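Dear colleague,

Please find below the structure that I am handing over to you. My findings follow after it.

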Amino acid sequence: MVKIMHTGDIHLDSPFSSLTSRQAEVRRNELRAAFTSMMTYAKMNNTDLLLIAGDVFDAEYVTRETVSLLCREFENYKNPVFISPGNHDPASEKSMWMRDIFPPNVHVFKTEEPERVSLASVPVDIYGFGFTSREMTAVPVRSRNVEDKERINILLCHADMTSKTSTTCPLTPEDIDAFGADYTALGHIHNVSSVETGHDGRWCYCGCLEGRSFDETGPKGACIVQINKVGEESDITIKRVRFSKRKYEKCELDITGASSNSDISAMIEDCIASRRYGDDTLLSLSLTGKLSPELIVDTEGLSSRSYGLFMLKVNDETSLLLDEESLSRDLSIKGEIYRTLLPKLNSDDARERDVASRALRYALSALSGENIL
């Protein structure tokens, strides 16, 4: 039996560009802390080896502090560490992977040519390859096979199983089956709900260690994988462990009936409380429903309140609650503005409809004596 920590898509030194500079620095430190927590967990739970399926860094060039962190954690782990560079941290000529700086228990797959490493401590053969540039259109293990079927064979790689025309190693389930590994440790897909595991755990995406945007929602972490093999038959169990300090979430809130931004604020507070979001959450909240044209949603002010969250982004996706019949007959400037904008309000172009809706809202709000935010 072999016990593995499988991780990847860590993206250390990520800029977190959508956040304020203070928030971004907090998140970078939390990402390093998540990595340290994972390494401690791997050690305390007696894993035999660590597999990192690409994108350890967010770019080819990283800070000295991050490199020191990696070296320290790998050295303290003591057991074998295998790394397959990805499209964000390829093993290019001047990359960190080409320097002789990592402890001797670390093996980096530095070429696109598949390499086999046989372990003596456990009956395991690790096969791997790495990106050497931002793109890899070929699949290096295609038409290859494991060499000793009685050993536990593991394939480690950064690959894209979502598209056969991908430029980031378009691996397919058929490629994995033909290669013959007992387990394929994959990286590249950050959200694992849509592409997670296949063939009774024969392959698995670990997901990212920490979410970095609203495209990466929910808790994140890594996988503990146990493989038992008798003869040529193997049994695999996969356990997902959360290591993320924060989580990104998205939700919608219907605010139909609100007559002021204070009403909207109270609705937001109730929504956050009902979902039990706290200071571990970065939330993108889309406001929907129909509002009076006189009410302009103060998205900036509402976002700044945060409501106990780490960060809140409020998006106004409401539509106008209009008395169309009355406005169409109105002989005042309100009616004239409505009739002028009506063709654009009914446009097939979503952006044109949105601009016209906002223009009407601002105009009617101003004519009603409301403050224009």
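A residue counts as buried under 20% relative accessible area, as exposed over 50%, and as partly exposed in between, with a 1.4 Å probe and protein chains only. By that scale Phe-243 is buried, at a relative accessible area of 10%.

The model is a predicted one, in which local features need pLDDT of at least 70, side-chain atom pairs count only at pLDDT 80 or more, and totals for chains, interfaces and linings use all residues. Residues are numbered from 1 along each chain as its sequence is written, and side-chain values use heavy atoms, leaving out hydrogens and water. Helices (H or I, at least four residues) and strands (E, at least two) are DSSP runs numbered from the N terminus.

Strands pair if DSSP finds at least two bridges between them. In general, the strands of a sheet pair through backbone hydrogen bonds, either parallel or antiparallel.

Contact means heavy atoms within 4.5 Å.

Strands β11 (residues 221-230) and β12 (residues 233-242) run antiparallel and are joined by 10 bridges. Along them, Ala-222 stands opposite Val-241, and Gln-226 stands opposite Thr-237. The hairpin of β11 and β12 has two residues between the strands, and Gly-231 takes a positive phi near 65° there.

The three-stranded sheet

A further open sheet has three strands in the order β13-β14-β16, with parallel pairing. Each of its edge strands, β13 (247-254) and β16 (311-316), has a single partner, so one side of each is left without a neighbour in the sheet. The twist averages 20° from one strand to the next. Six bridges pair β14 (residues 281-288) with β16 in the parallel sense, and Ser-286 of the sheet stands opposite Asn-315 in β16.

Aromatic pairs

Rings of Phe, Tyr and Trp (its six-membered ring) pair if their centres lie within 6.5 Å; planes under 30 degrees apart count as stacked, over 60 as edge-to-face and the rest as tilted. The structure holds eight aromatic pairs. In one of them, the rings of Phe-35 and Phe-74 have centres 6.1 Å apart and planes at 80°, so the pair is edge-to-face. Because Phe-35 lies in helix α1 (residues 21-44) and Phe-74 in helix α2 (residues 64-77), this pair ties together parts that are 39 residues apart in sequence. Both Phe-35 and Phe-74 are buried. The rings of Tyr-41 and Phe-243 also form an edge-to-face pair, with centres 5.4 Å apart and planes at 80°. That pair links distant parts of the chain, 202 residues apart: Tyr-41 is in helix α1, and Phe-243 is in the loop between β12 and β13. Tyr-41 is partly exposed, at a relative accessible area of 21%. Phe-35, Phe-57, Phe-74, Trp-97 and Phe-102 form one aromatic cluster.

A helix pair

Helix α7 (residues 333-345) packs against helix α8 (residues 350-367) at an angle of about 170°, with the axes 9 Å apart. That makes the two roughly antiparallel (under 35 degrees counts as roughly parallel, over 145 as roughly antiparallel, 65 to 115 as roughly perpendicular and the rest as oblique). Among the residues making the contact are Ile-337 and Leu-341 of α7 and Ala-356 and Leu-360 of α8.

Two residues with positive phi

Ser-143 has a phi near 70°, a positive value in a residue other than glycine. Ser-143 is found in the loop between β6 (124-128) and β7 (152-158) and counts as exposed at 74% relative accessibility. Cys-169, also not a glycine, has a positive phi of about 60°. Cys-169 lies in the loop between β7 and α3 (173-179) and is buried, with a relative accessible area of 0%.

Yours sincerely

Methods
Axes are lines fitted to C-alpha atoms, for helices over the stretch in contact, and angles run from 0 to 180 degrees between N-to-C directions.
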